[in-house]
Amino acid sequence: MLRLFHFNKLSILSSKASTFLPLIPIPISKSVKSQMGSYSTSSSSKLLFRQLFEKESSTYTYLLADSSHPHKPALLIDPVDKTVDRDLSLIHELGLKLVYAMNTHVHADHVTGTGLIKSKISDVKSVISKASSATADLYVEQGDKIWFGDLFLEVRATPGHTLGCITYVTGDASDQPQPRMAFTGDALLIRGCGRTDFQGGSSEQLYKSVHSQIFMLPEDTLIYPAHDYKGFSVSTVGEELKYNPRLTKDEETFKNIMANLNLSYPKMIDVAVPANLVCGIQSKAS
């Protein structure tokens with residue numbers, strides 16, 4: 001049975017197989033640029049892409065938009081409360097319409113900017129995984145598609161760092177950006193991965209998630225994580241398959257590595273997790 005809901009010119013069409021959060025078509029420029037570099041993408045694409053950084057928590061926020069559509073629909077992945085004004089100013093300057101504010105998981109190292117964004121732009125919809133148990137307007141799970149114009153992100157469940165981690169991957173159709181882009185949250189970092197000792201984490205589950213949902217993507221797929229602490233901005237599936245010091249190992253070795261990291265207690269976890277479970281500390285009760 002199909003259900004159709006309308007949200008300000010966008011709709012969600014859900015079935016047992018997938019959920020569609022569409023609907024505004026767009027073309028893409030021949031180069032897609034981040035703050036620190038650029039790469040070529042297919043001329044049929046219409047993607048506007050920006051990689052933004054919050055230095056205190058070393059968090060990347062990603063802005064994607066279908067720049068050729070009249071409404072220029074846009075989404076933010078993993079916004080941070082401290083940089084909301086910067087991000088919204090950029091969106092305004094670029095003439096975009098923010099549709100979704102999305103999280104890859106319930107973060108433990110910063111407060112999401114989602115609630116604050118919603119307080120400033122009332123028709124923005126928050127998005128998070130159904131498995132996260134967090135508050136949001138829209139819940140997604142494995143196989144769902146999030147549309148913004150003619151472009152879409154595919155949802156892949158990648159639990160292990162937390163129970164509710166998901167990876168957003170650009171579409172695999174011929175009219176979608178090439179190479180593909182994977183926004184991996186903390187599941188897969190550049191030459192690393194997220195810790196597995198809090199929030200229902202599991203090293204066994206994380207290993208299986210990365211190998212079955214991310215490493216199976218084409219090797220030229222670009223990897224954009226939620227954090228980086230060494231100055232890297234992007235990697236590829238092929239690079240991580242060769243050089244990731246943890247996830248190139250067999251599963252038992254990986255589990256042993258993760259069990260002996262001896263990491264300190266996350267300094268923001270007692271503030272960030274409760275706030276992020278309700279869409280950010282600024283979120284209003286519905």
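**Reading strands and their partners**

Tutor: Strand E12 (residues 145–148) and strand E13 pair in the antiparallel sense over four bridges. Strands are DSSP runs marked E of at least two residues, helices are runs marked H or I of at least four residues, and both are numbered from the N terminus. Two strands pair if DSSP finds at least two bridges between them. This is a predicted model, in which local features need pLDDT of at least 70, side-chain atom pairs count only at pLDDT 80 or more, and totals for chains, interfaces and linings use all residues. Residues are numbered from 1 along each chain as its sequence is written, and side-chain values use heavy atoms, with hydrogens and water left out.

Student: Which residue stands opposite Leu 151 in E13?

Tutor: Phe 148 does. Two residues lie between the strands of this hairpin, and Gly 149 takes a positive phi near 70°.

Student: How many bridges join E13 to strand E14?

Tutor: Five bridges join them, and the two strands run antiparallel, with E14 covering residues 166–170. Within E14, Val 169 is the bridge partner of Glu 154.

Student: How many residues of E13 are buried?

Tutor: Buried means under 20% relative accessible area, exposed over 50%, and partly exposed in between (1.4 Å probe, protein chains only). In E13 (residues 151–157), six of the seven residues are buried.

Student: What is the order of strands in the open sheet?

Tutor: Its six strands follow the order E6-E7-E8-E9-E10-E11, with mixed pairing. The edge strands, E6 (47–54) and E11 (138–140), each pair on one side only.
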